[in-house]
Amino acid sequence: MSGATKQARLPYEGMRVLDLSQGIAGPSCGALLARQGADVVKVEPPAGDWGRLMGDGANGLTAISIGANAGKRALCIDATRVEGRAVLHRMVEQTDVLIDSFRPGVMDTLGLGYRTTSMLNAALIHLSITGFGPSGPYRDKAGSDSVLQALGGMMVMNRDGEDVPRRVGMMIVDAVCGVYAAQSVGAALIGRGVTGQGEHVELSLLEVTAALQTIPILDHFMSAGRERLPATVPSGTFRTRDGFINVVALRNEMFVRLAHALGHPEWGSCDAWSTNAKRLARREEINVAIADVLRERDSADWLERLHAHDVLCAGVNDYGDFVSDPQVQHAGVFRNLALRGMPGLPLAGVPGLAGGGEIGPVPRQGEHSRNVLVDFGLSDIEVDALLRTGVVIDTQTHRGGT
């Protein structure tokens with residue numbers, strides 16, 4: 001990233017992580033650990049991670065599989081077979097963190113539940129991500145981002161002007177779960193540094209949905225029985241002559257600056273609009289007045305004027321505009337990701353990590369199977385036998401069972 005120095009030592013350097021999870025929540029946790037120095041092995045069954053099948057892409061490289069697995073190595077192994085489980089047991093013995101994201105009980109059927117993994121490695125941090133938690137009436141229900149957005153009130157919070165509930169247009173619960181999960185792993189590792197003992201960290205999409213919405217949930221109950229008001233006025237998106245801009249005034253002096261920028265300094269001295277409480281009561285007339293003025297000029301003209309008066313504002317961008325924004329370019333927010341047979345793609349760095357973190361490999365399914373197993377102490381003869389019988393698949397060398 002521009003202006004940043006490369007971090008001398010990454011925080012998780014030397015740590016081994018086995019990531020058995022699929023989709024976004026667990027894998028994005030693993031990707032964060034990888035970008036911060038851990039050796040993360042993406043473990044997939046022969047059928048692959050379902051994230052490789054969702055959306056555009058070829059050869060299993062979709063936006064989901066790229067974004068949630070950058071920086072990892074990939075092992076393809078059949079854990080339903082005794083030989084596959086035996087290999088994973090050997091790997092668990094040498095692992096710091098194990099990540100799974102299956103319904104409760106699935107890991108037990110694979111011989112990889114916490115009771116087993118903790119006996120194999122007492123220092124192991126075993127992270128399990130489920131939809132609804134390890135017990136309760138929803139224990140065995142399938143959980144997904146869209147299900148939790150519906151159940152958790154998020155769609156109602158994001159309802160449109162006709163009061164129709166709307167899903168937030170990205171898998172936000174899954175993405176945020178990955179961040180909470182990485183934080184929880186970090187906390188568990190600190191605890192292990194004190195006690196020497198590992199632990200089972202259990203995280204659910206249900207809990208994440210609640211935590212993510214702490215403020216709107218509090219607001220809902222604090223305003224129960226009353227009309228829900230915006231936090232401040234003005235605060236919204238307005239049409240200009242050629243597009244849209246977002247404008248916010250958080251304090252009275254900000255509203256005065258906005259009034260001057262819009263060419264109506266008299267608004268700033270109007271007693272009826274002089275405090276946020278008064279502006280809330282007259283929000284419709286204020287928003288109409290602002291909208292009428294903003295429609296008279298192009299977005300670029302208004303943004304220049306508003307910035308000159310130190311008004312909180314931004315043009316409404318699409319992703320192309322965002323990636324090419326001069327501040328984004330200056331800060332080096334995105335790294336160019338070059339994949340075989342694909343054009344360069346923008347991949348965001350890790351916030352707070354010097355240089356944004358190296359991207360590392362973006363693995364295809366089973367691309368590093370042989371190398372991973374050798375690194376974990378298996379002999380070439382053992383690996384050859386596993387490949388020959390189809391317990392392990394290595395797509396890089398095109399060796400494996402049928």
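Which residues does valine 17 touch, not counting residues up to four places away in sequence? With contact taken as heavy atoms within 4.5 Å, the list for valine 17 runs Leu33, Ala38, Asp39, Val40, Val41, Thr95, Val97 and Ile99. The model here is a predicted one, so local features need pLDDT of at least 70 and side-chain atom pairs count only at pLDDT 80 or more, while totals for chains, interfaces and linings use all residues. Residues are numbered from 1 along each chain as its sequence is written, and side-chain values use heavy atoms, with hydrogens and water left out.

Val17 also turns up in the largest nonpolar core, which has 30 residues; Val17, Cys29, Leu33, Val97 and Leu127 are the ones that touch the most other members. A nonpolar core here is a set of buried Ala, Val, Leu, Ile, Met, Phe, Trp, Tyr and Cys residues joined through side-chain atoms within 4.5 Å. Buried stands for under 20% relative accessible area, exposed for over 50%, and partly exposed for anything in between (1.4 Å probe, protein chains only). Two or more core residues come from each of helix 1 (25–35), strand 6 (97–100), strand 7 (125–130), helix 8 (172–195), strand 8 (199–204) and helix 9 (205–212). Helices (H or I, at least four residues) and strands (E, at least two) are DSSP runs, numbered from the N terminus.

Helix 1 is mostly covered, with ten of its eleven residues buried; among them are Cys29 and Leu33. After helix 1 comes glycine 37, with a positive phi near 110°.

On to the rings. Rings of Phe, Tyr and Trp (its six-membered ring) pair if their centres lie within 6.5 Å, and planes under 30 degrees apart count as stacked, over 60 as edge-to-face and the rest as tilted. That rule gives four aromatic pairs. Phenylalanine 132 and tyrosine 138 have ring centres 5.4 Å apart and planes at 75°, so this pair is edge-to-face. Phenylalanine 132 is buried at 7% relative accessibility, whereas tyrosine 138 is partly exposed at 38%. Phenylalanine 255 and tryptophan 273 are edge-to-face too, at 6.3 Å centre to centre and 70° between the planes. Since phenylalanine 255 lies in helix 11 (residues 252–261) and tryptophan 273 in the loop between helix 11 and helix 12 (276–281), the pair ties together parts 18 residues apart in sequence. Ring pairs link Phe255, Trp267 and Trp273 into a cluster.
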